[in-house]
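Here is a short report on one protein chain. Please look at the fold before reading on.

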Amino acid sequence: MAGDTFLYEPTVPNLAAPQYLLADVESNTILAASDLSTPAPIASVTKLMTALIAAEYINLDQRVTVGSSTLVQSIVPRLRDRMSVSMYSLLQLLLVESSNEAAEVIAAQLGRERFIALMNQKARSLGMNTTTFTDPSGLDAGNVSTLRDLLRLGQYIHSNRSFIWELTANAD
């Protein structure tokens, strides 16, 4: 008896993006993709790893005080020096508004350099071997990854910290 020869090939619209990936994270099925292995700057996608490290190393129920050293240029500033804010609220700002300020305040809770080291350590533990993080917000062009590595990150978040996806889905 012959094996199953069915092959699903979705129609991919004409995309201007140099790289793209459409995948089912539950089944580890790639439905459509461009180059999966070429590292490229990931900008604010960096914030997914920032949220993951926060969830794994920081009590999200605690309140923190914003320090002036963590404030960065922002189009819509939401945080002020000496402001008290919950970690959970910072995660919402990070993921819904892509707040660079929130990324820096979160990283400061563990020390910025230690936080970035934890981001890179987590990437290696997930098999994201072509990924490098240089800051918690994605502002630095040194934050690079591949589509294959980002799929691994997405799968890990889906399986272990799905509330991170839910924060973005339930944005008001």
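## The model

This is a predicted model: local features need pLDDT of at least 70, side-chain atom pairs count only at pLDDT 80 or more, and totals for chains, interfaces and linings use all residues. Numbering starts from 1 along each chain as its sequence is written, and side-chain values use heavy atoms, with hydrogens and water left out.

Strand 1 pairs with strand 2 (residues 29–33) in the antiparallel sense, over 4 bridges. Strands here are DSSP runs of E with at least two residues, helices are runs of H or I with at least four, and both are numbered from the N terminus. Two strands pair if DSSP finds at least two bridges between them.

Leu22 has Ala32 of strand 2 as its bridge partner.

## The largest pocket

The largest pocket has a volume of about 190 Å³. A pocket is an open set of points on a 1 Å grid over the protein atoms alone, where a 1.4 Å probe fits, with protein on both sides within 12 Å along at least five of seven lines. Grid points are joined across faces, edges and corners, and the volume is the space filled by probe spheres set on the points.

Lining residues have an atom within 4 Å of a point. Among them are Leu21, Val45, Leu150 and Trp165. Strand 1 (21–24) and helix 5 (147–160) are the elements that give two or more residues to this lining. Helix 5 gives the largest share, 4 residues. The lining divides into 9 nonpolar residues, 1 polar and no charged. Ala, Val, Leu, Ile, Met, Phe, Trp, Tyr, Cys and Pro count as nonpolar, Asp, Glu, Lys and Arg as charged, and the others, Gly among them, as polar.

## Gln19

Gln19 sits in the segment before strand 1. Is Gln19 buried or partly exposed? Gln19 is partly exposed, with a relative accessible area of 22%. Buried means under 20%, exposed over 50%, and partly exposed in between (1.4 Å probe, protein chains only).

The side chain of Gln19 reaches the backbone oxygen of Thr38 at 3.1 Å. A polar atom of that side chain lies 3.4 Å from the backbone oxygen of Asp35. The C-alpha atoms of Gln19 and Leu147 are separated by 7.9 Å, with the residues 128 apart along the chain.

## Thr131

Thr131 lies in the loop between helix 4 (112–125) and strand 6 (144–145). Thr131 is buried, at a relative accessible area of 0%.

Key:
A polar contact is a pair of N or O atoms within 3.5 Å; within protein, one must be able to donate a hydrogen and the other to accept it, and residues adjacent in sequence count only if both atoms are side-chain atoms.
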